[in-house]
Amino acid sequence: MIITGNTRLIAHLGWPTESFKAPMIYNPWFAAQNVDVKVVPMGVRPEAFAAFVPALFQMTNLVGALVTMPHKVVTAGLMQQLSPTAAIAGACNAIRREEDGSLTGDMFDGNGFVQGIQRKGFCAENARALVVGCGGVGSAIAASLAAAGVPSLTLFDTREQTAQALAMRLLRHYPTLEIRLMQKDPQGHSLVVNATPMGMKPGDPLPLDVDRLTPGSYVGEVVMSQTWTPFLQAAMARDCQVQRGTDMLFEMIPAYLKFFGLPVATPEQLRERAEIRE
């Protein structure tokens, strides 16, 4: 991988950076397309993030930024413009500088997650979905599920106020959506999503009682640090259909590429060239 004075950069912002997968997917694709752009991990601690973002976007060779934990919610408040999805989610995972110098934020976590499960056969009509974790990624998934036509959502977060705020944002855009709050019993739900960090570290507790999963339901994971988390393994043992965190990543990258005005790939093309092994 050659870096020259003409190389443009996409910052991958988060902390810590050790679990980042995106550079090993984007950079092989850019190399194959002879596009002189590189994704570079940048570890930024939370206390420095608000000051770092405006300074970062003073760089003249910056295409934009990918944003991951723990900065997605804070990022939304630093933008001059938000997409409708980012506004509902209250979080951003992509930043682009406009010609006037202003910053636009968008959110593709939910889009990637929903496209992935739909490609696996999930039908939103008449579905009941449970989302555990209402932070940046969980909010985005909930918003995209509502947009896909899921009529009933159950939301749980250890911070009740966070779940309530998400419910209010969703109802402003989807007033007929049925929402249940602060319940995480998966029984009777056709889709169950772990949108928490539980599973990133060995010994993490499971996000919910897996013995209550309905066999045949869809179970999704956002953790990417390991391919088959204990939660997914337990779901498969209950005869559930599963979606890995990396599945969501591959599905959302085409939307990122379009957002940045770069050559767009299909998830299959990205998997073919990626330097990660799932």
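This is a predicted model: local features need pLDDT of at least 70, side-chain atom pairs count only at pLDDT 80 or more; totals for chains, interfaces and linings use all residues.
## Overall build

Let's start with the whole chain. It holds 10 helices and 12 strands. Its radius of gyration is 18 Å, close to the 19 Å that the globule rule gives for 278 residues, so the chain is as compact as a globular protein of that length.

Contacts across the sequence are well represented here: among contacts with a separation of 6 or more, 69% join residues 24 or more positions apart.

## Surface and charge

Of the 278 residues, 51% count as buried. The accessible surface of the chain comes to about 12,500 Å², and carbon and sulfur atoms contribute 52% of that area.

As for charge, there are 23 positive and 24 negative side chains. The centres of these two sets lie 1 Å apart.

## Helix 5 and its neighbours

Helix 5 covers residues 109–119, and its buried residues are Asp109, Gly110, Gly112, Phe113, Val114, Gly116 and Ile117. On the helical side, they pack against helix 3 (72–76), helix 6 and helix 9 (245–259). The strands they pack against are strand 10 (191–194), strand 11 (218–221) and strand 12 (241–243).

Just after helix 5 comes Gly121, with a positive phi of about 110°.

## Helix 6

Helix 6, one of the packing partners of helix 5, runs over residues 136–148. From first C-alpha to last, its 13 residues reach 18 Å, close to the 18 Å expected at 1.5 Å a residue.

This helix is mostly covered, with 11 of its 13 residues buried. The buried set begins with Gly136, Val137, Gly138 and Ser139, continues through Ala140, Ile141, Ala142 and Ala143, and ends with Ser144, Leu145 and Ala146. Gly149 follows the helix and has a positive phi, near 105°.

## Ser83 in its loop

Finally, have a look at Ser83, which sits in the loop between strand 4 (81–82) and helix 4 (84–89). Its relative accessibility is 12%, under the 20% cut-off, so Ser83 counts as buried.

Which residues does Ser83 touch, leaving aside those up to four places away in sequence? They are Gly105, Asp106 and Met107. Met107 is 24 residues from Ser83 in sequence, yet their C-alpha atoms are 7.6 Å apart in space.

Methods. Residues are numbered from 1 along each chain as its sequence is written. Side-chain values use heavy atoms; hydrogens and water are left out. Helices (H or I, at least four residues) and strands (E, at least two) are DSSP runs, numbered from the N terminus. The radius of gyration is taken over C-alpha atoms; the globule rule is 2.2 Å times the number of residues to the power 0.38. Buried means under 20% relative accessible area, exposed over 50%, partly exposed in between (1.4 Å probe, protein chains only). Contact means heavy atoms within 4.5 Å. Accessible areas come from the Shrake-Rupley method with a 1.4 Å probe; for residues, only the protein chains shown count as cover. Lys and Arg count as positive and Asp and Glu as negative; His and the chain ends are not counted. The place of a charge is taken as NZ of Lys, CZ of Arg, CG of Asp or CD of Glu. The expected span of a helix is 1.5 Å times one less than its number of residues.
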